Amino acid sequence: MPELKLIIGNRNYSSWSLRAWLAMRQAGLEFREEMVPLDLPDTRQRLREHSDAGRVPVLYHGELKIWDTLAIVEYLAETFPDRHWWPENAADRAMARSVSAEMHSGFAALRSEIPMNIRATNRKVDLSPAAEVDIERILALWQSCLDRNIAGGPFLFGEFCAADAMFAPLVSRFHTYGIDLNDRLQSWSDAVWTSEGMVWWRDASDQESWTIPGEEVGI
Ligand SMILES: N[C@@H](CCC(=O)N[C@@H](CS)C(=O)NCC(=O)O)C(=O)O
């Protein structure tokens, strides 16, 4: 089997890198990684060496290159069907894909107003009405997944799946900016936050030396 290599950005700030990496890590795949630190003078050129889209993550599987997080997850789900990427049941799987796609394409206000900053805690930001609407929708999405009460674990669809990875950066954001969750959502959020892969990624974020001023928001 050809080697898997994932190109990622800084762990502390690159939310899309985290999603792909965590899905792969929690699925138990062996892969190498290469980091392209963001917001440096040569970042743009280095990203373009991997993809004309100029963004991370990018996955190499031997000679094959896949970019954009959902495409990476779906490629891996096809290529490694023995691993757990999506729920077993077709209706659950359809919902997991729907919430993941909504995350992938939505919540622009929230994403720009409270960037992922894993190391930061106790930040306060005055959110716009649009970001508040995003939060309401996200909470409702999570609740509707958990209300399905799927056995097998504490995650959105029981066992950890790609949908949990898609929302992992929001778990981090809600933690950083102190956004309250009800008990049920908090226990899911804690399960993601303390999952093996997330703990490893958080520890590695703590050791990074880069600071991106534009991503340091809140007081
Ligand atoms: N739709 C893309 C979004 C990827 C993306 O926006 N990645 C950011 C980092 S989280 C990036 O590469 N930014 C380029 C830069 O900051 O120069 C995906 O799902 O992978």
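A crossing of two helices is left-handed if the near helix is turned anticlockwise from the far one by less than a right angle. Keep that in mind for the crossing of helix 4 and helix 7, which is left-handed. The model here is a predicted one.

**Two helix pairs**

Let's start with the packing of the helices. Two packed helices are described by the angle between their axes and the distance between the axes. Here is how that looks for two pairs.

| Helix pair | Angle between axes | Distance between axes |
|---|---|---|
| Helix 4 (residues 90-105) and helix 7 (residues 162-176) | about 25 degrees | 9 Å |
| Helix 1 (residues 15-26) and helix 3 (residues 69-79) | about 10 degrees | 9 Å |

With an angle of about 25 degrees, helix 4 counts as roughly parallel to helix 7, because angles under 35 degrees are put in that class. On the helix 4 side, the residues that meet helix 7 are Ala96, Val99, Ser100, Met103 and His104. Their counterparts in helix 7 are Ala162, Ala163, Met166 and Phe167. Sorted by class, this contact has seven nonpolar and two polar residues, with no charged ones.

The other pair in the table, helix 1 and helix 3, packs at about 10 degrees, and that makes helix 1 roughly parallel to helix 3. Helix 1 puts Trp16, Arg19, Ala20, Ala23 and Met24 into the contact, while helix 3 brings Thr69, Ile72, Val73 and Leu76. What does the mix look like by class? There are seven nonpolar residues, one polar and one charged in the contact of helix 1 with helix 3.

Four of them form an open sheet in the order 2-1-3-4, and the pairing is mixed. Which strands sit at the edges? Those are strand 2 (32-35) and strand 4 (64-67), each of which pairs on one side only. On average, and ignoring direction, neighbouring strands in this sheet are turned by 20 degrees against each other.

Walking through the pairings, strand 1 (residues 4-8) runs parallel to strand 2, with four bridges between them. One of the residue pairs here is Ile8 with its bridge partner Met35 in strand 2. Strand 1 also pairs with strand 3 (residues 58-61), this time antiparallel and again over four bridges. In that pairing, Ile7 stands opposite Val58 of strand 3.

Val58 shows up again on the strand 4 side, where its bridge partner is Trp67. Strand 3 and strand 4 are antiparallel to each other, joined by four bridges. His61 has Leu64 of strand 4 as its bridge partner. The hairpin of these two strands has two residues between the strands, and Gly62 in this hairpin takes a positive phi near 60 degrees.

Is Asp39 buried, exposed or partly exposed? Asp39 is partly exposed, because 15 other C-beta atoms lie within 10 Å, whereas a buried residue needs 20 or more and an exposed one has 12 or fewer. How far is Asp39 from Met1 in space? The C-alpha to C-alpha separation is 34 Å, for two residues that are 38 residues apart in sequence.

Methods
Residues numbered from 1 in each chain as written. Predicted model: local features only at pLDDT ≥ 70, side-chain atom pairs only at ≥ 80, totals over all residues. Pairing = 2+ DSSP bridges. Axes fitted to C-alpha atoms, helices over the stretch in contact; angles between N-to-C directions. Parallel < 35°, antiparallel > 145°, perpendicular 65-115°, else oblique. Contact = placed C-beta atoms within 7 Å. Nonpolar A, V, L, I, M, F, W, Y, C, P; charged D, E, K, R; others polar.
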